[in-house]
Amino acid sequence: MTFPNGSGPDRPLVLLCECAGTLKNIDFDRLEQHVGLHADVLRGDHWCSRVGQAQILELMETGDGRQLTFAGCSPDFAARRFQNLMARGLQLEIADIREGCSWVHGGDSGAVTDKAGRIIDSSIAYPDALADTVSYAERRNTVVVIGGGVAGTQAAAELAQMGHDVELVERRAFLGGRAARIGTVFPTNDCGQCLPTTDAQAGTRKCFHRNVAIDHPDLSIRRRSTVEAVTGHPGDFQVSIRTLPNMVTDACINCGTCETVCEADSSEPGKKAIFSEFYDGRVIRTIDLETCTFCGRCAEECPVEAIDFSQSPRRTTVHAGAILTATGCEPAPEKYFDYLGYGHDGVVTQVELAEMLDDWAAQASLGRMPVEELVMVQCAGSRDQRHLPHCSRLCCMIALKHAIRLKALFPEMKVTICYLEMRTAGVGYENWFLDARKAGVEFLRGTPPEVQFDGHGRPVIEVEDVTAARKRVLRPDLVVLSTGMVPATDTEKLTQTLAIDRDKDGFVEILDRKNRATETSAEGVFVCGSAAGPKALIEVNTEASAVASEIHNFLTSAGRRGTAASQVDAAQCVGCDTCSTMCPFGAIMLIDRPESAPRPDEVKDDGKLAVIDAQTCRACGICAANCPEVAITHNLSDDALFGRIAMMTEGVEKPVVGFYCKECAGAAIGLSGQRRDRYPENVRLIELPCLGRVSALHIVEAARLGAAGVFLAGCAEGRCQYRTGDTSALEQMTIADEVLAESGTPLPLELWHLCAVDRLSVGRRIRMFDARAVGDELTPALFDHEMDLIGAGAGALAGAPAGAACGGGEGRGCGR
Amino acid sequence: MAVAADTAYPKAVVDEFKRLAEECNICYQCGTCTSSCPSGRELYRGPRRLVRLILSGEIEAVLKSDDLWRCTECGTCTEVCRMDIDVASLLSRLRKLEHEYGGTIRCPERTAADVAAARLRKQPRIDNLRFGVAMMVEGHFPKDKVGAAESGMKIVKQMLPLGGKRAAGEAVPAARGTTTLPFYAGCALPQDHELHALVHEVAAGFGVRLDEAADAGCCGHPSRGTVDSLFSSAERVYTACPACDASLDETGVEAVPLWNALTERAARASGMVLRASTGSFVPYVGCLADRDAALAALGVAAQQAGVTMEVDYPTLHNGCCGALGGMYRGATKASTRLLEFAVEKHAPVVTTCVLCRDNLRSAARELKLDVPIRFWPEYFRAVEYAPEERTDD
C-alpha cells in the first residue's frame, strides 16, 4: 500500500478521537499502531472538548501546514462541533469512525478496528479534495421585471428600494394588471388596485396612481414593451426590449377631448382608438395602433398638444443581472367551456357577471330585479382532463363573492351554486362560505355536462344532486360559468425566449414546489405571482416581496465561494454531446475546437469540444459519470474513487459496497448511525457529492474487487439536489447490471431514495440487503430480531415465509 | 385502493373489482355522468353511484343493483367524463361479471313486478294493488312471485281478455317456403299485427317458413318456463327482437336474430336478389343487439340490394333510441343527432330492433322531424321468392 501524501517529514497528522469512551468496540491501541505506520497520531479522549479544541487551535497556529485528519464522528457532526475553529480557517479531513463504524457495528472488536483503520487510511490517502473553490463573478445590478401587474410592480418597487436598477417591462400601456382592472376582490371586499408603501408612510397601502414607491428614480417603466430576445448568462444577461410608442405624452391633462373626436374603434370592446384604461396616474391615454387611422384629428383638437404621432417603435438592449417573470394569468378562452352553452343568450362567465353587477346595483336601487333565478356552475372546464386539468384556485371565492353580493342586492333572487368541491382554504375565506349559506345561497353538489335551452331559449340544466343522489332540473334565467385561468398571452413564447420550463398546465414552472417558489429552471431567471399558477392577491404580494429578496441575494453573491467546476480534458474529448445534454444546469457548451487545443487521434480538425462554464457548474459529477471517453475530471476524481473502493474492500470477505450522496441520503445514514442502528462490518460506505457522480465503472470495479452487492443511495425520489443525479445513477446501475450479467457474474444492485425520515428504516434496509447479498436467508432468528426492532414483537408474524421481507423494500433493484 | 375482499365472491370477481376500482379511482364524484345519462330522468340513480360503490368495495351492492341493467350502453357518460374514465365500459364489464358468476340478466320491468309483489305482500293496500294490476295488465308478472300477489292475479285475469292468454291467430305463417325455422316472436311484435304478418311474409320471400309458438309471451319472465318446453328439441330459436335474443340466451336457448339468418341465407343462395324501397338508408341497431353483427347484416343486405348505407353518422355505436326498459322517455341527444342526420341525408332510418323503431318514431314526432323509420322487413325484401311486390313508401 502506498500513501501518496504520507512519507518522511510530510507525514499527515491524525487526530484520533476516542469519543469519551463511547467507541467501545474499537481497540484504540491497535488502531493507533496501524495508523502510526504511515501517519503521526495524536490520541484524544474527545477532541471537541474545550481542552481538545484549544490543542487544535495551537496546532493550527504552530503547525507546519500538514494535512490534518480527524478520525471520530461523522462530517456533519464534526462540522458542528468544530464550527468555530473552521470559521477561523481549520481545514479538517474527516474519517467517520463513529456513526460510520463503531456505533453501527457489534462487539467484534477485531473487525470493527480493522474497518476503522481502513476508513482512516482512505481518508488520508484520498482526501476529499480540500477543494479548489470558485468565486462567483460580479453580477450586474440591473433587474428586468417582465409584467407590470401587482406582482411585477411591487417586486420592482422593492428591488429599487434595495438599491437595484429596475427596468419594468409592461406589454400594455397601463400598469396594474388584471387585479387593478377588476372590481372588488376577496377576501377584503375592496378594490385590487393598491400596493403596500414602504417609504413615506410605512404600513399604509396606496393606489397605483398615488403610490410614490413606483416613482423611485432607479425604477424605469417601459410601457407597451415586450422582451424580444435574451442572451448572456446568469448575472449578465443582454435583454432586448421592443417598445411601441404611446403617442400620448405626459402633457395630457385628461380632458377627454380626443376621445370625443376619434372616429375609430379600439379592439378593446366599447373603446375608441384613443382610449383610457386603468388609471395608474402616469399615463392617462393611449392609442390602439392596430385600429387608429392616423387621421390626426385628436392631435389637432388636443388643447395641450399631448399627442405626438412622430414617435416610433424602438428597440433597446438592457444588461441585467437577473430577470423576473411576473406575467400573470388570464381568464381561460371560450374553447374550454363552450360545452356549457357559452355563446348562447343567458350564459355568461363570472368576469362578465362582474361587469354586469354595477349595472345591476343601479337596478336594485330602483327596486328592479334583473333575473329571478341564477345558477353558477363551478369548475366550468377546470379540473377536467379534456379541458383544463388544474384547479384555478380563485373561482370558488369569486363565485362566493358574487353570490353574496347578489343576495345583498336582491334578497329574493334564487342563487344556486353547482359545485364539485368548494375550496375556501385561505385566511378568512371560510367565513365567506358561511356568509353565503347564511344569505340563502343554495349549494348543490354536482356539475352538469351541458346547458340545454328550452323552446323559449331559457337555459335548462339537468344535474345530479350528488349528496341527495337524485336528479334536478334547474331552469334559471342566467347561468354563470366559473371558468378557470390560463397563463397570460404569449407566456409560451416568453418562456422559450428565457429558456425556462413550463409546467404541464403551461404556467412557468417553479424550481422546487416545497422550498423555492420564486426560482425557475434557469439560474438568474425568477418568477412571482400568477405567472406560476393562479393566485390570490395575498399570495401575489407575499411572493413579490420574497422574490425581491431572492434576487437581491442573487445579485449580491459576488465573491461567495462555490465548489470547483469539473474540467474537460481536451485530449480525451471527442465532442459528442453526452455531457451537454446530461448537464442539469446547462453549464456545458460544445464549441468549435480551437486549433491550439489538443485532441484525440480520431477527432478531425472540425471537431467540437466540450467546455464547462465554471460559474454555472455545480460540481455534481453527472457529466463525469456519463462521459463515454472518461474525459471529464470531477473534483472527486475517478482515481480517488477507485482507490477508496479498493482500500475499503481489501481483505474483507464478501464486502457490500454502498455509494451514497452526502445530501439527503447522507443525512439519513448519519442520523441512523446516531441512533446506533447496527449493520454488519462487511458493509463499506463511500460518500459522494451527488449520487450522479457514480458511474457503471465504479460499480463494476467494486464487483471486480469481490463485492457481494452494491447499493446506491440518493435523495428522495424526484428530489435530487442536483435534479437528475438519481436518474443518471439508475442508468449507470442498469448498464453495470447488464455488463455483470453478460460476464456471468450477476450481482445484487439496488438504488434507494432516502431522506432524513428514513433514519428509522435505513439500518434495516442495509441489513436486509447485506443478508441477501452475502447469501443468508432471512432466518427465523433474523426475522424475529427485525420484528423486535420494529416493535412488532418476536413471532408476531410467525410463519411468514423466509425471505418474504428480503425483496429490497421500495428500492429500485435489479439484483436477483 | 380499499376494496374489501369479500370472500363470498369468487376470486375472479374480487380481482375484477380491484381492476375496475383502479380504473376509476380518480373519480371526483362530480355527478356529471349521472347528470348526462339519458336513462336517468326517472328512477335511475346513475353511474356515479355505481362508481362510488365500486370504490368502496361493495361488490354485493353493485351486482345486485338494478341500475346496472338500465344502462343502454349509449356511452354518453364516457363522453362527458371530466376525468376520461370509460364509465360505460365499467358498467358493461360489471354486467358481464354478474352474468358470468351466477347472476341473471335483469329487466327493469321484472324488477317493477317484483317490487309490486313485495309491496302487496307487505301492505295489501289499494294503491299497491293498483300498481301490481297495472304491471300485470302490461303482461309483467313474475311467476315465482304469484303467491303473494294471488289476489291481484285473480283480478288481473278477470280483466284480461282470454284470461291472460294472448291470441295468436293473427300471425300469418308463410304458405310456401323451403326451410322451416323455429321462431320466437316475443311480446312487442305480436302487438303490431301488421308488422308481425310482414315478418312472416318477408321471411317467406327468403324461402323461410317461421314455425311460431302460439303463446310465447314475454321473453323476460312469465313465459320463461314455456320457452324451454317449446323449443327443447330445436337447436336454436330465431327471433326478431334483440331483447329476446339476450333473454333467451340467458335461459340457455341459443337465439339467433332472424334478420342475420335471412341475409346470410340470401348471400348463400344464388339467384336471390334483395330489393330495398329507397336508394339509401341510415342504419340503426340500438343498444341491445350484438351491434357489430347486426350492422354487418344490414351492410350485406345493402350491398345485395344495391343501396347506400349512410354510416358516417358520428355516434353509430353510441346510440340510445330514448327508451328505457321498452318505455319511451323522450328524445335523447343521441337519437336527436341520428334523426337530424337522416333528415340531412334524405334517407329513412332502418333499424334491426322493433323497440327502437317505435321509440325513434316517437322521437321524430316529438322533434317534428319528417323521417321515415323502418323495421327491416318494412324496407328489405327478397324478390325472387317473394310472393308479391309490395311497396310501403
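Into which domains is chain A divided? Chain A comprises domain 1 (1-131), domain 2 (142-244 + 313-328 + 488-555), domain 3 (245-312), domain 4 (339-486), domain 5 (563-633) and domain 6 (635-816), with bounds that come from an automatic or database domain assignment. The structure is a predicted model, in which local features need pLDDT of at least 70 and side-chain atom pairs count only at pLDDT 80 or more, while totals for chains, interfaces and linings use all residues. Residues are numbered from 1 along each chain as its sequence is written, and chains are lettered from A and ligands numbered from 1 in the order in which they are written.

Domain 5 and domain 6 of chain A meet in a contact that takes 15 residues from domain 5 and 16 residues from domain 6, where two residues are in contact if their C-beta atoms, placed from the backbone, lie within 7 Å. On the side of domain 5 of chain A that touches domain 6 of chain A, the largest share, four residues, is supplied by helix α16 (residues 622-626) of chain A. The residues of this side of domain 5 divide into nine nonpolar, five polar and one charged, if Ala, Val, Leu, Ile, Met, Phe, Trp, Tyr, Cys and Pro count as nonpolar, Asp, Glu, Lys and Arg as charged, and the others, Gly among them, as polar.

As a whole, chain A has 22 helices and 39 strands, these being DSSP runs numbered from the N terminus (helices: H or I, at least four residues; strands: E, at least two). The C-alpha atoms of chain A fill a box of roughly 100 × 70 × 60 Å, taken along the principal axes. Of its 816 residues, 46% count as buried, a term for residues with 20 or more other C-beta atoms within 10 Å of their own, whereas 12 or fewer make a residue exposed and counts in between make it partly exposed, with C-beta atoms placed from the backbone. Among contacts in chain A between residues at least 6 apart in sequence, 74% join residues at least 24 apart.

Strand β7 (residues 165-169) of chain A is mostly covered, with four of its five residues buried. Strand β6 (residues 142-146) of chain A runs parallel to β7(A) and is joined to it by five bridges, two strands being paired if DSSP finds at least two bridges between them. In this pairing A:V144 stands opposite A:E167. A parallel pairing over four bridges also links β7(A) with strand β12 (residues 219-222) of chain A, and there A:L168 stands opposite A:I221.

The largest nonpolar core has 120 residues, and those with the most contacts inside it are A:V145, A:A155, A:I323, A:L324 and A:A403; such a core is a set of buried Ala, Val, Leu, Ile, Met, Phe, Trp, Tyr and Cys residues joined through C-beta atoms within 7 Å. Helix α11 (residues 395-409) of chain A gives the largest share of this core, nine residues. When residues up to four places away in sequence are not counted, A:A403 touches A:M376, A:V415, A:I417, A:A436 and A:V441. A second, separate core of 107 residues includes A:W47, A:C664, A:V700 and A:M768.

Chain B has 18 helices and 12 strands, and 48% of its 393 residues count as buried. The contact between the chains takes 15 residues from chain A and 18 residues from chain B.
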